[in-house]
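Let's walk through this protein together, starting with the whole chain and then moving in on a few residues. Keep the viewer open as you read.

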Amino acid sequence: MARPKRTMTAAAKAVEVKEEVKEVVREAAKAPAAKAEAKAADQAQAKTADKADAKANAKAEVKAAPKAESEKTVVVEFGGKQIKAKDVLAQAEKAYAESHPETEIKTVELYISPEQNAAYYVVNGEASDDFKIEL
């Protein structure tokens, strides 16, 4: 089972902390012994506290992970037909993207009109008689 993204980030931070501690120890070996030991101990203690904080944050993020959403479906029934709203919405987005390839879709409003056997859509606040899907 794959780890949640937040846990992987916290694990990566913990690895970075370990690498930083190793680097401090390497630098300490080059400096005078007494001064280096004191410096390494102080930095290691600080890094250990950071690592503990990273672990606590990771656990909190895992606990706060959102629950799986339930699936929701809207079906319009008319004239012996059953039309799923998400399918009509997908058709509208596809039709708009094909006719306006350079435009990013930010908002879509869908109006299903069973009496006209059609659905009309408005993209990014722009409406047109051409923005029509036959049902």
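Predicted model: local features only at pLDDT ≥ 70, side-chain atom pairs only at ≥ 80, totals over all residues.

Residues are numbered from 1 along each chain as its sequence is written, and side-chain values use heavy atoms, with hydrogens and water left out.

Next, the overall layout. The protein chain has three helices and five strands, and from the N terminus on they run α-α-β-β-α-β-β-β. Helices (H or I, at least four residues) and strands (E, at least two) are DSSP runs, numbered from the N terminus. Of the 135 residues in the protein chain, 21% are buried; buried means under 20% relative accessible area, exposed over 50%, and partly exposed in between, with a 1.4 Å probe and protein chains only. Among contacts (heavy atoms within 4.5 Å) between residues at least 6 apart in sequence, 34% join residues at least 24 apart.

Now find helix H3, residues 85-99. Its 15 residues reach 21 Å from the first C-alpha to the last, close to the 21 Å expected at 1.5 Å a residue; the expected span is 1.5 Å times one less than the number of residues. Which residues of H3 are buried? They are Ala-85, Val-88, Ala-92 and Tyr-96. Seen down the axis of H3, these buried residues fall within an arc of 70 degrees, so they line one face of the helix; the arc is that of the directions from the helix axis to the C-beta atoms. That buried set packs against strands S2 (81-84), S3 (108-113), S4 (118-123) and S5 (132-134). On the face of H3 turned away from its buried side you will find the exposed residues Lys-94 and Glu-98. Gln-91 is also in helix H3 and counts as partly exposed, at 42% relative accessibility. The C-alpha atoms of Gln-91 and Lys-132 are 9.8 Å apart, although 41 residues separate the two along the chain.

Is His-100 buried or exposed? His-100 is buried, with a relative accessible area of 18%. Leaving aside residues up to four places away in sequence, His-100 touches Glu-126 and Phe-131. The side chains of His-100 and Ser-99 are joined by a polar contact of 2.8 Å. A polar contact is a pair of N or O atoms within 3.5 Å; within protein, one must be able to donate a hydrogen and the other to accept it, and residues adjacent in sequence count only if both atoms are side-chain atoms.

Finally, look at S3 and S4, which run antiparallel and are joined by six bridges; two strands pair if DSSP finds at least two bridges between them. Ser-113 stands opposite Ala-118 in S4. The two strands S3 and S4 form a hairpin with four residues between them, and Asn-117 in the turn has a positive phi of about 55 degrees. Most residues other than glycine have a negative phi. Asn-124, in the loop between S4 and S5, also has a positive phi, of about 50 degrees.
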